[in-house]
Amino acid sequence: MKIVNSYIFRAVCALLIGLLLVSNPERMTGLLVQVIGGLFLISGLVSLINYFIIRYSDKVPIKPVFPMVGLGSLLFGVFLGFFPGLFITYLMYIFGFLMVVAGINQLWNMFRLRRLIPFRWYVLFFTLLITALGVFVLFNPLESASVPFILLGVSFMLYGVSELINGVRWRKYSRMQQQKEQVLIERGDEEI
């Protein structure tokens with residue numbers, strides 16, 4: 001149990017997770033979708049099992065309604081588990097399309113209202129950037145889906161390094177406090 005609470009263990013785990021996410025973000029994206037699919041599958045299975053247990057029980061006077069949400073959850077979990085790439089691709093197409101539409105809408109409103117509200121160059125820059133990112137996502141759905149995992153991996157690695165530094169600093173502080181307490185105890189013994 002002491003090793004689980006150790007800062008070294010936490011730092012190494014965070015560094016390893018970060019390295020995995022940064023080194024292979026495409027695989028980690030699919031793996032995360034599969035894990036989410038597994039959670040949907042378990043939720044649906046539990047719902048269906050509970051339904052059948054209650055349905056065929058003699059102790060319950062009112063029979064339950066078939067859990068359509070549970071069945072949907074089970075089927076969605078199976079879909080995510082077996083076809084994570086397909087789900088990611090379609091989801092990224094939807095996100096890319098929404099980003100392009102949002103960027104075009106912002107540009108249209110900006111030019112339409114330019115007499116009433118003067119716009120700055122950085123607003124135009126960010127609007128064009130949103131539109132360009134939407135186009136990029138539409139043409140590269142899987143690559144753009146892995147970008148958040150790269151950022152998450154870098155964050156984990158930074159956390160791991162920070163945890164290691166803070167742990168070393170805390171250990172030094174603890175040793176200094178123990179030494180001070182030892183000196184105070186020795187001084188207290190001499191005075192008595």
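1. Contact, throughout this note, means heavy atoms within 4.5 Å. With that in hand, Ser73 touches Phe40, Leu41, Ser43 and Gly44, leaving aside residues up to four places away in sequence. Ser73 sits in helix 3, where helices (H or I, at least four residues) and strands (E, at least two) are DSSP runs, numbered from the N terminus. Ser73 is buried, at a relative accessible area of 11%; buried means under 20% relative accessible area, exposed over 50%, and partly exposed in between (1.4 Å probe, protein chains only).

2. A word on provenance. This is a predicted model, in which local features need pLDDT of at least 70 and side-chain atom pairs count only at pLDDT 80 or more, while totals for chains, interfaces and linings use all residues. Residues are numbered from 1 along each chain as its sequence is written, and side-chain values use heavy atoms, with hydrogens and water left out.

3. Now the overall picture. The chain has six helices and zero strands, so to speak α-α-α-α-α-α when read from the N terminus. Its radius of gyration is 28 Å, whereas a compact globule of 192 residues would come in near 16 Å (taken over C-alpha atoms; the globule rule is 2.2 Å times the number of residues to the power 0.38). Along the principal axes, the C-alpha atoms fill a box of roughly 85 × 75 × 35 Å. Of the 192 residues, 22% count as buried. Among contacts between residues at least 6 apart in sequence, 73% join residues at least 24 apart.

4. Helix 2 against helix 3. Helix 2 (residues 25-55) packs on helix 3 (residues 68-82) at an angle of about 155°, with the axes 7 Å apart. That makes the two roughly antiparallel. For the record, axes are lines fitted to C-alpha atoms, for helices over the stretch in contact, and angles run from 0 to 180 degrees between N-to-C directions; under 35 degrees counts as roughly parallel, over 145 as roughly antiparallel, 65 to 115 as roughly perpendicular and the rest as oblique. The crossing is left-handed, meaning that the near helix is turned anticlockwise from the far one by less than a right angle (clockwise would be right-handed).

5. Who meets whom there? The helix 2 side includes Phe40, Leu41, Gly44 and Leu48, and the helix 3 side includes Gly70, Ser73, Leu74 and Gly77. The residues of this contact divide into eleven nonpolar, nine polar and no charged (Ala, Val, Leu, Ile, Met, Phe, Trp, Tyr, Cys and Pro count as nonpolar, Asp, Glu, Lys and Arg as charged, and the others, Gly among them, as polar).

6. Have a look at Gly70, also in helix 3. Gly70 is buried, with a relative accessible area of 6%, and touches Gly44 and Ser47, again not counting residues up to four places away in sequence.

7. Helix 4 against helix 5. Helix 4 (residues 84-112) and helix 5 (residues 121-139) pack at about 155°, axes 7 Å apart, which makes them roughly antiparallel. This crossing is left-handed. The tally here is 17 nonpolar, six polar and no charged.

8. Lastly, Gly85 in helix 4. Gly85 is partly exposed, at 32% relative accessible area. The C-alpha atoms of Gly85 and Gly167, 82 residues apart along the chain, are separated by 40 Å.
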